[in-house]
Amino acid sequence: PEDEMFLKRLSRGYLVGKDPNAPLFYREEGNKKFQKKDYMGATVLYSKGVSHSRPNSEDISLCYANRSAALFHLGQYETCLKDIVRAQTHGYPEGLQPKLLLRKAECLVTLGRPHEAGQTISDLESNFAAKPTLAASQFQILQRTLCRLKVKVQEKGNLTETSPAALTKAFEDMDLREENEQISNTSSSVSLCTDPLKGRYLVATKDILPGELLVKEDAFVSVLNPGEMPPWHHGLESKWDTRATNADLYCHRCLKHTLAPVPCDGCSYAKYCSQECLQQAWDLYHSIECSLGGLLLTLGVFCHIALRSTLLARFEEAGKVINKLCGEITNRDICLPESKNLAQILSYDLGGESKKKGKTVETPIPGCDINGKYENNYNAVFSLLPHTGNHSPVHKFLCALSVSALCRQLEAASLQAFTTGLKSSKLKAAAAPMLYPELNIWGVAMLRHMLQLHCNAQAITTIQQTGKRETLFSALQYSS
């Protein structure tokens, strides 16, 4: 209990909820950057304001509108248009609409879309004629801006309208020369083998050309490394952090760099490059992770990956995979109680060969199907070796403590959602009462994954220029 209370105190140090006072603070700080023409810094601060705002509130509409102004000055016209639409969707004040529509028309003209720009100007004139609320000085400014835009629209309209050029790719997509019949997404130049002590590995079966692509496979699971976290706060003076971290600049699902993230409706931490990414993340895992943000940041990225792996496995029936392995272990004459204690699986290194009636029998490579074909799925991930015997007792205890804390919080969230009757279908669905009976299985799986990750995780890094002689290499994600 003392350990659990200590973790809860640490978790409360990370502000991952919506703070109603934060949007105004970040908007004012962003305005200071904007006045100094530091548009990139202003964009980040406005984004932080967006993350702390409730949906369909004046706060979020103002932050989106201000961010659209910064994006306009950065030349990010398409993204600026998206933020303008977001501001209007969330109820941007009617009295401020004219300047927003002017910015929209300016973007459309610059992007070579004069017909849409002309329509926007026409709508603006109609709305203003119906509700003349601007002061005389503002009206004159509006009229001058409209006249300038009309000239631009006419000039652009005389030219052939073209769509914006697509962004050039840094590297051309590479393809496998010849795909392996037994290993999906892998070149035929390699073969899959296994070793009882080291697990699966690839060996070359033919000469490999320099630069030849051997494996092209998406990570089964990935988690954004938040980078340098804000200091654990003790008072209001350090409550809101103004620094830009990985968590502010990259999509928490696809890891795409984004200047205009869309935040989760339930927390201030998770941010995405688009509404589509937000919805996919929510459906796959974030509906359950959302209420665990502070604890996950406290426990670290490996614990987060272990949880997300099991959440993704819901759709691949993790329980069936584990129960199947229970049967395989029992068949290999390993003593298990009648309840088939799942913890035994944690340390069991699968695969290799077994003995039957005095004979050595080859067994399929762990992670492959009955036909010996390797696929990128949960079975393949679960079969990675945890190397339990090589971890120190202290490390294994800390991993077990982390998983126990996660399971207890998942159980509490599940029960809370059940007792409240899922009043808010979107956010309360996060708790998923169906999770409760599966926690025993998922806890064992998460602990196994945490031990696996220390020798199986891969980090993707990005180079960030710091303005100093040294260059900062920042890990974007860890994946399995």
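**The annotated stretch and its links**

Reply: Residues 251-290 are 38% helix and 10% strand, and their end C-alpha atoms lie 15 Å apart.

The model is predicted: local features need pLDDT of at least 70, side-chain atom pairs count only at pLDDT 80 or more, and totals for chains, interfaces and linings use all residues. Residues are numbered from 1 along each chain as its sequence is written, and side-chain values use heavy atoms, leaving out hydrogens and water.

Start with helix α10, residues 275-289. Its end C-alpha atoms span only 18 Å. A straight helix of 15 residues would span 21 Å at 1.5 Å a residue; that expected span is 1.5 Å times one less than the number of residues. There is also a bend in α10, about 70 degrees at D283. The bend is the angle between axes fitted to the seven residues ending there and the seven starting there.

Much of the detail in α10 is inside. Its buried residues include C277, L278, A281 and W282. Y285, H286, S287, I288 and E289 are buried too. Buried means under 20% relative accessible area, exposed over 50%, and partly exposed in between, with a 1.4 Å probe and protein chains only.

E289 also makes a link. Its side chain meets that of R308 in a salt bridge, 2.8 Å from N to O. A salt bridge needs a side-chain nitrogen of Lys or Arg within 4 Å of a carboxyl oxygen of Asp or Glu. E289 lies in helix α10 and R308 in helix α12 (residues 301-313), so the pair ties together parts 19 residues apart in sequence. E289 is buried, at 3% relative accessibility. R308 is buried as well, at 5%.

Next, K271. It forms a salt bridge with D248, with the closest N and O atoms 3.6 Å apart. D248 sits in helix α9 (residues 246-249) and K271 in strand β5 (residues 271-272), so this pair links distant parts of the chain, 23 residues apart. Both partners are buried. A network of salt bridges links K48, D248 and K271. Side chains of opposite charge can pair when their charged atoms come close.

Now a comparison point elsewhere. D83 and R67 form a salt bridge, the closest N and O atoms being 2.6 Å apart. D83 lies in helix α5 (residues 77-89) and R67 in helix α4 (residues 58-73), so the pair ties together parts 16 residues apart in sequence. D83 is buried at 0% relative accessibility, and R67 is buried at 0% too. By this rule the count comes to 12 salt bridges.

Finally, the whole chain. It has 17 helices and nine strands. Of its 480 residues, 45% are buried. Among contacts (heavy atoms within 4.5 Å) between residues at least 6 apart in sequence, 62% join residues at least 24 apart. The accessible surface comes to about 26,200 Å², with 54% belonging to carbon and sulfur atoms. Those areas come from the Shrake-Rupley method with a 1.4 Å probe.

Methods:
Helices (H or I, at least four residues) and strands (E, at least two) are DSSP runs, numbered from the N terminus.
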